[in-house]
Amino acid sequence: MVERREIPAGVWDSCDACGHMVYHKEVAENLHTCPECGHHQRVNARTRIDMLVDPGSFEEKDADLSPVDPLKFKDRIPYNERLKAAQDKTGERDAVVSGRAFIRGRKVALAVMNSDFIMASMGSVVGEKITRAIERATDEDLPLIVVTASGGARMQEGMVSLMQMAKTSAALAKMDDAGGLYIVVATDPTTAGVAASFASLGDFILAEPGAMIGFAGPRVIANTIKQELPEGFQTAEFMKEHGFVDRIVKRQDLRRELARLIDYCGK
Amino acid sequence: MVMQTVNSPDRGLTTAPIQYLEFEQPLSRIENDIALLKVEKEETGRDLTAEIAQQESRYQARLKRLYQHLTPWETVLVARHPQRPLITDHINHLVSDFCELSGDRTFGDDRAMVTGFGRIGGHKIMIVGHNKGKDTPGRVACNFGCAHPEGYRKALLKMKLAEKFKLPIVCMIDTQGAFPGVGSEERGISHAIAVNMMEMSRLRTPIVCVVIGEGGSGGALGIGVGDRVAVMEHGFYSVISAEGCAAILWKTHEQKSRAAEALKFTAKHLKKLDLIDDIIAEPVGGAHRDPVQASANLEKYLINTLRELKRPRIETVLRRRYERFRNIASFFDAPSDVAQKPKPRNPKRTPATTRIANGGGGRNVKDPATPSKDAAS
Ligand SMILES: [Zn+2]
């Protein structure tokens with residue numbers, strides 16, 4: 001996690017939240033949170049997994065699943081080119097990384113979304129990998145942890161992507177019937193189709209401080225109601241206030257909190 | 001595909017003044033010509049019967065042609081037509097002894113969602129569906145068919161009643177989407193939709209879902225998980241509105257018709273992609289030109305489908321319902337050596353397992369040349 005290349009420009013950075021100049025290395029050592037204000041930066045899936053699981057314990061599954069273009073979708077840029085650009089940028093095939101791991105010695109099924117990849121929108125690969133993670137957790141009676149982040153359904157896959165909401169929710173019903181434990185960790189941003197499916201169905205819903213969590217886009221809402229949105233609208237804290245999040249958990253505390261819940265549930 | 005038509009005589013273009021859509025202007029002109037001929041006939045006493053008949057058959061031919069080749073954007077306009085029959089019309093036309101039930105027992109009664117018992121054919125059913133509202137005050141009271149969380153919770157509560165008392169459920173979908181507002185978010189619209197999908201997947205009673213007009217993304221899917229999913233011929237079902245898609249991807253609303261093309265959300269497209277089970281035919285010129293006929297087609301579909309779903313054991317119905325959604329996918333499953341290179345220049349994808357979008361029951365297309373990695377892992 002330590003930045004190796006000492007390029008002067010990369011050494012200092014200003015925090016998106018408080019504007020303080022912060023030392024890059026210190027932010028990274030601080031699990032990508034601001035040492036001044038505690039702001040939680042977005043992190044990609046691999047970094048997240050490194051921070052979350054016992055060192056070396058992650059065993060990736062379904063790494064081979066790659067997206068296709070079921071609609072031959074073309075806007076200003078063909079979907080295939082968007083996919084290629086995202087794959088080149090991230091080195092990932094799509095927007096979720098999943099598998100098994102240990103957290104403080106507890107074996108779990110894990111899926112982590114990657115907002116670097118087309119805003120972690122949910123297409124068929126995301127839906128399938130989440131569903132397989134649910135099925136794996138159910139079959140092996142492992143606690144399932146999904147770290148969510150998403151801009152919503154991937155519209156370039158049309159209704160195939162919308163239906164992933166139903167698919168993942170149905171798989172979670174089966175897991176629930178089997179008595180499985182499912183914990184959601186909602187990170188910035190968890191919205192739209194993902195918010196309205198597996199991100200809302202955890203037995204426990206944890207959220208990172210300040211994460212945006214909501215269904216409709218704030219601009220759409222502002223246009224509909226024709227007034228300013230309330231302060232702190234659609235944040236993790238707002239969602240907790242309104243009863244949709246159990247605990248706001250700082251990144252530094254996440255491993256401990258997860259282990260604690262797993263122990264309470266006897267898994 | 002089930003395409004149904006029931007004859008209904010004496011219901012043509014003359015019964016109610018139809019509001020013409022922009023693309024229907026040629027029809028409006030022919031109608032004017034007919035009206036003028038009729039006035040002339042009246043005033044001069046000349047026998048213009050043949051001319052009038054000729055114009056009327058020209059009108060019908062043109063109407064048929066227009067509606068056979070609606071563009072996706074035109075389909076949107078038809079699905080949103082202000083005179084298009086709503087759930088309340090269908091209930092009036094095809095349900096007897098409708099007994100409306102209100103409230104979510106927690107917050108209130110969302111009028112954007114109609115729920116209640118009714119009888120159709122020999123079946124006692126629970127009806128659940130979006131209501132856009134008829135006139136302006138009605139539309140405002142119904143939030144134009146955009147339901148709040150309490151609407152989805154009301155729907156689920158009534159569907160659970162149906163399960164308890166062993167009645168099948170019919171969902172009529174007709175919404176632009178869930179209501180985008182502060183209250184909607186505060187009361188957990190995401191949660192309400194998610195819970196509905198989860199619970200509907202395991203409700204121990206048959207569920208038939210029909211998009212009678214607009215199927216707007218998550219707001220539609222919140223009452224859209226069932227054993228059969230059908231779309232009326234000129235309805236559509238989309239992950240995002242054409243306008244919304246255009247605004248995001250083309251950065252302008254002007255491209256909405258191109259977005260509509262790209263999203264492939266018409267009944268025909270969805271059927272071809274195997275995402276829906278059936279298309280229910282509409283009268284020539286759309287459901288709004290003959291609402292009674294449209295309801296009759298819907299009724300026939302529902303009666304047949306309910307009969308089919310009542311036959312197997314409920315465990316079988318549930319298993320098929322699960323598989324129906326579980327198998328909707330479209331991806332490649334390729335060897336991992338090309339996947340994990342830090343920056344794949346040109347990742348050559350060897351298709352091993354290509355799952356294609358599927359509505360019916362797990363049709364996987366396998367490439368025999370490359371063995372599935374699944375088996376090994
Ligand atoms: Zn800061």
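**A two-chain model, question by question**

Reader: Which residues have the most contacts inside the largest nonpolar core?

Author: This is a predicted model, where local features need pLDDT of at least 70 and side-chain atom pairs count only at pLDDT 80 or more, while totals for chains, interfaces and linings use all residues. Residues are numbered from 1 along each chain as its sequence is written, and chains are lettered from A and ligands numbered from 1 in the order in which they are written. A nonpolar core is a set of buried Ala, Val, Leu, Ile, Met, Phe, Trp, Tyr and Cys residues joined through C-beta atoms within 7 Å, with buried meaning that 20 or more other C-beta atoms lie within 10 Å of a residue's own, all placed from the backbone. The largest one has 168 residues, and those with the most contacts inside it are A:Leu144 and B:Val210.

Reader: Which helix gives this core its largest share?

Author: Helices here are DSSP runs of H or I with at least four residues, and strands are E runs of at least two, numbered from the N terminus. The largest share of the core is 11 residues, and it comes from residues 158–177 of chain A, that is, helix 6.

Reader: How many residues of helix 6 of chain A are buried?

Author: That helix is mostly covered. Out of its 20 residues, the buried ones come to 17.

Reader: What does B:Val210 touch?

Author: Contact means C-beta atoms, placed from the backbone, within 7 Å. Leaving out residues up to four places away in sequence, B:Val210 touches B:Met172, B:Ile173, B:Ala230, B:Met232, B:Ile280 and B:Leu298.

Reader: How many bridges pair strand 2 and strand 3 of chain B?

Author: Strands pair if DSSP finds at least two bridges between them. Strand 2 also joins strand 1 (residues 96–100) of chain B, antiparallel, by 3 bridges. With strand 3 (residues 123–130) of chain B, strand 2 pairs in the antiparallel sense, and the bridges number 8.

Reader: Which residue in the turn of that hairpin has a positive phi?

Author: Strand 2 and strand 3 of chain B have 2 residues between them. The one in the turn with a positive phi, about 55°, is B:Gly121.

Notes. A residue is buried if 20 or more other C-beta atoms lie within 10 Å of its own, exposed if 12 or fewer, and partly exposed in between; C-beta atoms are placed from the backbone. Two residues are in contact if their C-beta atoms, placed from the backbone, lie within 7 Å.
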